[in-house]
Amino acid sequence: MAALTPISRKPMSLVLPTVAASGGLLGLFVGTANNSGFLGIVIGAAIVTALAALYIFALKNEQMAKWISILVFVALGYVFGGIPGAILGAIAGWFFHWFTYWMYEGRYRQRLLPYLTPGQVLWHYGFRVICGAIFVFLITPILVVMPLSFNSQDFFTFTPEMLRFEAEGYSLKHYQDFFTNNEWQRSFKNSLIIAPIATVISVSLGTLAAIGLSQSHVPGRRAIMAIMISPMIVPLIISATGMFFFYSSIGNWMEGTLGLSKNFVGYIKVILAHAVLGIPFVIITVTATLVGFDRSLTRAAANMGANPVTTFFRVQMPLILPGVISGGLFAFITSFDEVVVVLFVGSASQKTLPWQMFTGLREQISPTILAVATILVVISIALLTTVELLRRRSERLRGMSPG
């Protein structure tokens, strides 16, 4: 194990500009919120730089500097944003105190290899800052939606009561509306009917296709693979248009020749369409799992007298099961969240939850949509957490395999 780099104090020509840049970034957000972004950058950089110089040249007491920094930013936060601003100010004050001494004392090199150049150190932390910024950019819309779903008013905005953290500003009435409104409940039940059945079809067909395409003797398997995963690549509106004409003909045949009811045929069309969208996810995840599969196990099972079906369920399936379940979860999320195809293929009887949300945005602006979005986010987080746990289990199982 390489030795840790000894830390040493850094020159102020490095510390102050870096700290000023971080303060200017915070000032940009605060200033933009108050319609003066440039002024916010200047004031934020000046305040943080002045505090850093005070700590280093005059105070020389890190513990006291921490509390001064927190109190200053709490006061500024309260002036600009009330109690929520004070809370965010306390976090910002702690961060800038920590960041100042992290830079000045050279602690940023403590856990790095000693031979790294300044450019490599800059890239090491710059890469993490870029990744963090992308994460914030992606996650912020979700974090905004979730508290808005508890709004006591019928608005898509934060009310003054919410910003002051007053109990009157928050309510569960939009969640109550979702669980008591017949339209929302019917669409929710349709989603719970369509998504699981489409997932079962996707998993069954996608797993068989992945196993077949993983065989090296299959002719043209690369071309077949490209065709199988094309629903992920082709724009969804084009796929939906093609499915409309294709499943309309099938629906007319099922209604006219087989005598099935129109409502039942509508469900069949939507389920098959969603299964087509989910199959590529299953193929990709199962194929990735099969990359680390030891095929000598299936040959050994065949030598012991097991038929192909027994070999698949007793030997192969337990080892590729994490990939199969992961693909099934992706297929379920795709079906549960899909709205474009169901608009083309389905009818009012098959209105799913995303369809109801889309209709609500067009016809009536109700925060119940935000409550439903929050519920879907929670479901998606639970499913993706399951996918991650299965991925780790799959890696452990592949590590146990001799191949």
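Guide: Let us start with a term. Helices are DSSP runs of at least four residues, numbered from the N terminus. Lys-60 shows how the numbering is used: this residue sits in the loop between helix H2 (37–59) and H3. Keep in mind that this is a predicted model.

Visitor: What is the phi of Lys-60 near?

Guide: General idea to begin with. Most residues other than glycine have a negative phi. Now the case here. Phi of Lys-60 is near 55°, a positive value in a residue other than glycine. Lys-60 also counts as exposed, because its relative accessibility is 65% and the cut-off for exposed is over 50%.

Visitor: Back to the prediction. What pLDDT does the protein average?

Guide: pLDDT is the predictor's confidence in each residue, from 0 to 100. The protein averages 84, and 96% of the residues score at least 70. Confidence is lowest in helix H5 (residues 160–163), with a mean of 76. It is highest in H7, at 91. Over residues 1–5 the pLDDT is below 50. Beyond near neighbours in sequence, that stretch has 10 contacts in the model.

Visitor: Into which domains is the protein divided?

Guide: There is domain 1 (12–115) and domain 2 (182–397). Their centres, taken over C-alpha atoms, are separated by 49 Å. Ser-239 and Val-30 are 209 residues apart in sequence and 44 Å apart in space, C-alpha to C-alpha. Ser-239 has its place in helix H10 (residues 236–256). With a relative accessible area of 13%, Ser-239 is buried.

Visitor: Now the rings. How many aromatic pairs does a search of the whole structure find?

Guide: The idea is simple. A pair of aromatic rings is described by the distance of the centres and the angle of the planes. A search of the whole structure finds 21 aromatic pairs. Take Trp-94 and Trp-98. Their ring centres are 6.2 Å apart and their planes are at 10°, so this pair is stacked. The cut-off for stacked is under 30 degrees.

Visitor: Where do Trp-94 and Trp-98 lie?

Guide: Both are in helix H3 (residues 62–104). They are four residues apart, about one turn of the helix. Trp-94 counts as partly exposed, at 43% relative accessibility. Trp-98 counts as partly exposed too, at 34%.

Visitor: Show me another pair. What are the distance and angle for Phe-178 and Phe-188?

Guide: The ring centres of Phe-178 and Phe-188 are 5.6 Å apart, with planes at 70°, so the pair is edge-to-face. This pair links distant parts of the chain, 10 residues apart. Phe-178 is in helix H6 (residues 173–180), and Phe-188 is in helix H7 (residues 182–213). Both Phe-178 and Phe-188 are buried.

Visitor: Which residues form one aromatic cluster?

Guide: Phe-73, Trp-94, Phe-95, Phe-96, Trp-98, Phe-99, Trp-102, Tyr-108 and Tyr-125. So you meet Trp-94 and Trp-98 again, because the stacked pair is part of that cluster.

Visitor: Which residue lies over the face of Trp-355?

Guide: Lys-351 does, at 6.0 Å from the ring centre. Leave aside the neighbours of Ser-187 within four places in sequence, and Ser-187 is in contact with Lys-351, Thr-352, Leu-353 and Gln-356. Ser-187 has its place in helix H7. It is buried, with a relative accessible area of 0%.

Visitor: Next, charges. What is the count of salt bridges?

Guide: Side chains of opposite charge can pair when their charged atoms come close. The cut-off here is a nitrogen within 4 Å of a carboxyl oxygen. By this rule the count comes to two salt bridges. In one of them, the side chains of Glu-62 and Arg-107 meet at 3.0 Å, N to O. Glu-62 is in helix H3, while Arg-107 is in the loop between H3 and helix H4 (118–148). The two are 45 residues apart and link distant parts of the chain. Glu-62 is partly exposed, at 29%. Arg-107 is partly exposed, at 27%.

Visitor: At what distance do Arg-186 and Glu-183 meet in a salt bridge?

Guide: At 3.4 Å, N to O. Arg-186 and Glu-183 are three residues apart in helix H7, so about one helical turn separates them. Arg-186 is partly exposed, with a relative accessible area of 39%. Glu-183 is partly exposed, at 35%.

Technical notes: Residues are numbered from 1 along each chain as its sequence is written. This is a predicted model: local features need pLDDT of at least 70, side-chain atom pairs count only at pLDDT 80 or more; totals for chains, interfaces and linings use all residues. Side-chain values use heavy atoms; hydrogens and water are left out. Domain bounds come from an automatic or database domain assignment. Rings of Phe, Tyr and Trp (its six-membered ring) pair if their centres lie within 6.5 Å; planes under 30 degrees apart count as stacked, over 60 as edge-to-face and the rest as tilted. Buried means under 20% relative accessible area, exposed over 50%, partly exposed in between (1.4 Å probe, protein chains only). A charge sits over a ring if NZ of Lys or CZ of Arg is within 6 Å of the ring centre and within 35 degrees of the ring normal. Contact means heavy atoms within 4.5 Å.
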